[in-house]
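This report examines selected local features of one protein model. Please consult the sequence and the structure shown here while reading.

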Amino acid sequence: MVAVVDSNNLSIPNLNTNGNESRVGYKRSVPRSNSGYVSSIMGECCISCTTFNILAPIYKRLDHQNQSLRESDVRDSWFNRNQTILDWLICERSSVICLQEFWVGNEELVLMYQERLGNAGYNTFSLARTNNRGDGLLTALHRDYFNVLNYRELLFNDFGDRVAQLVHVESVVPFFQNQGGGQQEILIVNTHLLFPHDSSLSVVRLHQVYKILQYLELYQTENKLNHIPIILCGDWNGSKRGHVYKFLRSQGFVSSYDVAHQYTDGDADAHKWVSHRNHRGNICGVDFIWLRNPNQSRKPLQASWAEAVFSIIKCQLQKASLAENDAFAFFKADNNGDVITHSAFCEALRQVNLAGLPYGLSFQETDDLWAQADVDGNGVVNYEEFKVHAYFLSKLLIISFVCQWCLESMLKLLALQQRMWNLSCSAQIENNCNDNMEDSKDCSEKEILGFAVKDAFLFPSEVEKGKWPENYSLSDHAPLSVVFSPVRMQSSS
């Protein structure tokens, strides 16, 4: 059988402010048999997933007066805390465990997790962040519930040194044993996005998600996985009001916790729950388990991505404004004519750190940009061409944030986007989406398997009410667990 949640009244380990273990009761709505597996009517099996940023000891501050003192310097502290985290995880017995800020740089801690989770029946996969940051990800899958078909690692190679794990799994037994169904395949992603130290990093985080979704599309195409549910887990370092949340919603993903508690995407439900108290003392909901069923309609990825970038651009433009002719003058530089030359274009990209940097545009990419901007191919871009290609030039902004260019130059590039505020762009995207939907109407439909969100909870319970308990010291994040039940659904073939 596949499934794992706890019983009606389970005692869960917690740490109080003194570092001593206490136990707190937490009532769940999903029943469990004596063997620990989920039971339900109609003979269905359920699976569960837990995501948890466990706060790497190298980042945990022990003394606010002495910021250099970290938990990694005190073995007893990090050892006992992580043993308690493992107690909680093993007691929870989720089918899938996704951890962030896993201290991959400490061999003793890595072996602790591998041995204890291995003895509890899990296969584990760990991945370090690039450039020896010290922490990374750990994904664990219970052998009784899933066979691992494939495991991939995605390195963003950006200045945040972030990474992601992709695991392609298959259920050990069919979900619908009495109805002749086969084993269910699922794609599971674990990631930890960049912390938004300032608003300019929003597009970097958006780009990290874009890379994940691009890779998922490529993997599905290569392996002919047209009808397979996808679960995204992790610390997304952004709330329900952020650009990443809206981008994922436009791509057909739903926040499992919000679905379980019937919360909407509106502002009224934006702060009903929290899952993190950051180093600034702010509390917010940033940990999500996203679900996308194979029958979920969504916009084309590139169009959805463009809309998300335009949203970020608009937010930036609300802070400062430049006229179109000022932006044109910036690209034109000192050229006496009323046109932008190829050399001036390349120099402008270098000035804003879009070119000439390790993560900047290559010579070929710069030439490709120029070829699209120079519509008539006469070797220069006039003011009318400049306005027409504001949509194209907006893509420069995406990379420019990654390259950390200066604010003054950034605002000049942002001015290129003022024309993007008209309805023509959004109308074109909407028309493309509608055309795709029209084309699919004639397709035949077939029955496939997906998931319904059966239950979801955060621990400790106070965070579900938007409060952060002072006696909670397991981490600066609350673990999120979700129970999914399989469902049959129709999807276009």
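The sections below treat a strand residue and its surroundings, a pair of helices, and a loop residue. The model is predicted.

H168 belongs to strand β8, which covers residues 163-171. With a relative accessibility of 5%, H168 falls under the 20% limit and is therefore classed as buried.

| Side-chain pair | Polar contact |
|---|---|
| H168 and E185 | 2.6 Å |
| H168 and Y219 | 2.9 Å |

Leaving aside residues up to four places away in sequence, H168 touches N147, V148, L149 and N150, together with E185, I186 and L187. Y219, L225 and I228 are also touched by H168.

Helix α3 comprises 21 residues, 202-222. Just after α3, K224 adopts a positive phi of about 55°.

Helix α4 consists of residues 243-250, and its buried residues are H243, V244, Y245, F247 and L248. Just after α4, a positive phi is again found, here at G252, with a value of about 90°.

How are α3 and α4 arranged relative to each other? Their axes lie 9 Å apart and form an angle of about 25°. Because angles under 35 degrees count as roughly parallel, this description applies to α3 and α4. The crossing of the two helices, α3 and α4, is right-handed. On the α3 side, the contact is made by S202, R205, L206, V209, Y210 and L213. On the α4 side, H243, V244, F247 and L248 contribute. These four residues of α4 are also among the buried residues of that helix. An α-helix has 3.6 residues a turn, so residues three or four places apart point the same way.

**The loop residue D267**

D267 is located in the loop that connects α5 (256-260) with β12 (276-277). Is D267 buried or exposed? Its relative accessibility is 57%, and because this is over 50%, D267 counts as exposed. The C-alpha atom of D267 is separated by 8.6 Å from that of K240, although the two residues are 27 residues apart along the chain.

Technical notes. Residues numbered from 1 in each chain as written. Predicted model: local features only at pLDDT ≥ 70, side-chain atom pairs only at ≥ 80, totals over all residues. Heavy atoms only, no water. Buried < 20%, exposed > 50% of the residue type's maximum accessible area, 1.4 Å probe, protein only. Polar contact = N/O pair within 3.5 Å; in protein donor to acceptor, adjacent residues only side chain to side chain. Contact = heavy atoms within 4.5 Å. Expected span 1.5 Å × (residues − 1). Axes fitted to C-alpha atoms, helices over the stretch in contact; angles between N-to-C directions. Parallel < 35°, antiparallel > 145°, perpendicular 65-115°, else oblique. Left-handed = near helix turned anticlockwise from the far one by under 90°.
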